[in-house]
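Please have the sequence and the model open while I talk.

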Amino acid sequence: MRIKLYVCLFCLSLLALPALAQRPELKNQPATGKSAIPGFEFRVLATNKTSTMEKEMNETAAAGFRFASVMGGETSFGGNEAVVVMSKKLEDAPANGRYQYKLLATNKTSTMQKEMGEAGNGGFTYVGQTVFNSTFGGQEVVVIMERDKEAGGITYDFLLLATKRTGTMQKEMVESGKEGYEVVGMTVAKTAFAGAELVVILRRPKTR
């Protein structure tokens, strides 16, 4: 009986082979076992001078990298620094200098509003923000702006709201939203004149 059972099981396995061969998820498995998920390369930039960071970001962008993340804080060896991570896919084509960056830093919210507006007129858009103590500027709000040279001349209006009271911020954001602005970033910063403030940045495409 045991021999007959083994023979039956062997026959059933032979019958199942054509069906398994037709399953696309098995048929298309790569022979090498390598994953189809793309790999990435990274660059970590850190400095306590905002002017230096903008230069380093544009040099890295020229090598094919794009902004990924930013954070300000105190590192073990550099003291208070702005740290930026830039990345690119390993299979990307050779660099063509597609992206350009501006780093805006100030401890006056009114100055930041003006500088963001000027950058927006030049085709730059918001990609990140943080707060850190720079060498010369004290505690500053830092905003990173990016321009895609292949984006077709899209420009933006920016609105910067700053207040100590969340209730006031709620009201101002509702009013701005009705005008077509969307929230793109937020930080809590100790500004030069108002003390600790909630700073929210909003954006809308510029109307022609």
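I will go from the overall chain to one helix, then to the aromatic rings, and end with a strand residue.

A word on the source before anything else: this is a predicted model, in which local features need pLDDT of at least 70 and side-chain atom pairs count only at pLDDT 80 or more, whereas totals for chains, interfaces and linings use all residues. Residues are numbered from 1 along each chain as its sequence is written, and side-chain values use heavy atoms, with hydrogens and water left out.

The protein chain comes to five helices and nine strands, where helices (H or I, at least four residues) and strands (E, at least two) are DSSP runs numbered from the N terminus. Read from the N terminus, the order of these elements is α-α-β-α-β-β-β-α-β-β-β-α-β-β. Of the 208 residues in the protein chain, 31% are buried; buried here means under 20% relative accessible area, exposed means over 50%, and partly exposed lies in between, with a 1.4 Å probe and protein chains only. If we take contacts, meaning heavy atoms within 4.5 Å, between residues at least 6 apart in sequence, 64% of them join residues at least 24 apart.

Let me turn to helix H4, residues 109-121. Its 13 residues should span 18 Å at 1.5 Å a residue, and the end C-alpha atoms are 19 Å apart, which agrees; the expected span is 1.5 Å times one less than the number of residues. The buried residues of H4 are Met-112, Met-116, Ala-119 and Gly-120. They cover an arc of only 100° around the axis, which puts them on the same side of H4, the arc being that of the directions from the helix axis to the C-beta atoms. Ser-110 and Lys-114, by contrast, are exposed on the other side of H4. After H4 comes Gly-123, which has a positive phi, near 95°.

How many aromatic pairs does a search of the whole structure find? The search finds two, with rings of Phe, Tyr and Trp (its six-membered ring) pairing if their centres lie within 6.5 Å, and planes under 30 degrees apart counting as stacked, over 60 as edge-to-face and the rest as tilted. Phe-40 and Phe-42 form a stacked pair, 6.4 Å centre to centre with 25° between the planes. The pair of Tyr-156 and Phe-158 is tilted, because the planes stand at 50°, with the ring centres 6.2 Å apart. Tyr-156 counts as buried at 17% relative accessibility, and Phe-158 is buried as well, at 6%. The charged end of Arg-203 sits over the ring of Tyr-156, 5.1 Å from its centre; for this, NZ of Lys or CZ of Arg must be within 6 Å of the ring centre and within 35 degrees of the ring normal.

Phe-40 belongs to strand E1, residues 40-47, and is partly exposed, with a relative accessible area of 43%. Beyond residues up to four places away in sequence, Phe-40 touches Lys-88, Lys-89 and Leu-90; Leu-90 is 50 residues from Phe-40 in sequence, yet 5.2 Å from it in space, C-alpha to C-alpha.

Finally, Thr-106 lies in strand E4, residues 99-106, and counts as buried at 9% relative accessibility. Leaving aside neighbours within four places in sequence, Thr-106 is in contact with Thr-111, Met-112, Glu-140 and Val-141.
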